[in-house]
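These entries record what I looked up in the structure. I began with charges over rings and went on to ring pairs, salt bridges, a sheet, a loop and a surface patch.

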Amino acid sequence: MKFSLSSISVFSIVLLFCSCTTAQTPYKTSDGSTFETKSFYPKFSWETTPMYYMFGDPKRVLHPEEVEFIAERTDFICIEKSHGHGDLGAAELGAKHEVAAFKKAKPDMKVLFYFNSAYAWPFTSYNENFTKENINNYPELKAFLIENPETNALEERKNVFYFDVLNPDFREWWVNTVAEAVEFSGADGAFIDQMHGFAWLRQDKAQDVQKAMGTMMKALKEKLRPDKILLGNNANAKLARYVFPSIDANMFEHYGDKMLTKEKLLTDWEDMLKISKAGKMSIFRIGVEYDSVAIANPSYYKGKKRNERYAKLSKEKLEYYHACYLIGAQPYSYFQYGWGWQLAHGSLMEYPELQKPLGAPKGAYHRTSATGWEFTREYEHASVWVNTETRQAKITWH
């Protein structure tokens, strides 16, 4: 069959050319390296600030308008550990409900399900017997927990027991359980929290603990379907060095004020580049409950107006923390912002700045002096300046 220009519109040719060149244009890291993405990763774009949301409500599932609000702002979310427990009786049912809801609203949305590799949270049907009331009736489960070597009592924090990653039977059970729950819920993978294995409780076996955690995460990645995402919390930390090869994404949680120092932020930016060069994703999570203002005012944590105080603080601090993310952001680096992990802790807040046109970074960040703490970076539609010593920032949109 022969074709001529008259049989194909010029407009069609332009569209075909644009789609082909767009598909062939890879993202570049700040040092010019090509980011090696994977087919099962979420959609990524520099059009606006790339956002990741992680939330749960232990009492109920989301209302349709809440699903719509979140789906309009992100392609990448995680359902927290106790979500929907009150409504449905088990967290895996809450996760399954939300996976279906978000997939209906946005079929390409990537939804993860939360699991903990150290704390035996009892919110799923798989873990429901890890409680003081039930555990003695299940010796096979009790064997999965860490005992105090002096008292033989189960180690715990606020009535939550500790998993013993050194027990190979536990590792097998945990891997099978997580894989089963991901499959049941229809989730696109798992967020794994607390991958330290309580190494500090067993200093003489710390290396063994870290290696065992690495073994367990490798087994989980192999057990999950190849198109599933494994996101590790602070998997860039030294305690998780054996875990890092198996994950697809790393979260920088910033779980305390010591994680927000100028030195730590600089290290984060360096790690974000290393992670991106390895073809892995990053979540730059900021919780303003650990901001110096909140730390200095314990009243922020208490009372009926707690969320109102944090909401106001999050608005006041957004430019600074947003700038901190933008200085180090790489392809497939996402920003998460709020003041906790529940739905009411920021996931339904309106932050107009996060919806402004951003555009791709024009290059790496610039440190204004070799020993100073001022940094700048240029994006297509924003100029970023931050001083991590004085905790000041300015984002100029253009």
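**Charges over rings.** I found that Lys262 lies over the face of Trp373, at 5.5 Å from the ring centre. I counted a charge as sitting over a ring if NZ of Lys or CZ of Arg is within 6 Å of the ring centre and within 35 degrees of the ring normal. Lys81 likewise lies over the face of Trp121, at 5.0 Å from the ring centre.

**Basis.** I worked on a predicted model, in which local features need pLDDT of at least 70, side-chain atom pairs count only at pLDDT 80 or more, and totals for chains, interfaces and linings use all residues. Residues are numbered from 1 along each chain as its sequence is written, and side-chain values use heavy atoms, with hydrogens and water left out.

**Salt bridges.** I took a salt bridge to be a side-chain nitrogen of Lys or Arg within 4 Å of a carboxyl oxygen of Asp or Glu. My search of the whole structure gave 19 salt bridges.

I then looked up Asp291, which forms a salt bridge with Lys317, the closest N and O atoms being 3.8 Å apart. Asp291 lies in the loop between strand 9 (281-287) and helix 9 (292-296) and Lys317 in helix 10, so the pair ties together parts that are 26 residues apart in sequence. Helices (H or I, at least four residues) and strands (E, at least two) are DSSP runs, numbered from the N terminus. Asp291 is buried at 2% relative accessible area.

Asp57, Arg60 and Glu66 are linked in a network of salt bridges. Within it, the side chains of Glu66 and Arg60 meet at 2.9 Å, N to O. Glu66 is buried, at 9% relative accessible area, whereas Arg60 is partly exposed, at 22%.

**Ring pairs.** I counted rings of Phe, Tyr and Trp (its six-membered ring) as paired if their centres lie within 6.5 Å, with planes under 30 degrees apart stacked, over 60 edge-to-face and the rest tilted. The structure holds 38 aromatic pairs. Tyr301 is partly exposed at 34% relative accessibility, while Tyr310 is buried at 0%.

Tyr325 and Phe335 are stacked, at 5.2 Å centre to centre with 25 degrees between the planes. This pair links distant parts of the chain, with Tyr325 in helix 10 (residues 306-328) and Phe335 in strand 10 (residues 333-338), 10 residues apart. Tyr325 is buried at 0% relative accessibility, and Phe335 is buried at 0% too.

I traced an open sheet of 4 strands in the order 11-12-13-14, with antiparallel pairing. Two strands pair if DSSP finds at least two bridges between them. Strand 11 (366-367) and strand 14 (392-397) are the edges, each pairing on one side only. Strand 11 is joined to strand 12 (residues 374-378) by 2 bridges, and His366 has Thr376 as its bridge partner in strand 12.

**Loop.** Ala199 lies in the loop between strand 6 (189-193) and helix 7 (206-223) and is buried, at 3% relative accessible area.

Definitions and conventions:
Buried means under 20% relative accessible area, exposed over 50%, partly exposed in between (1.4 Å probe, protein chains only).
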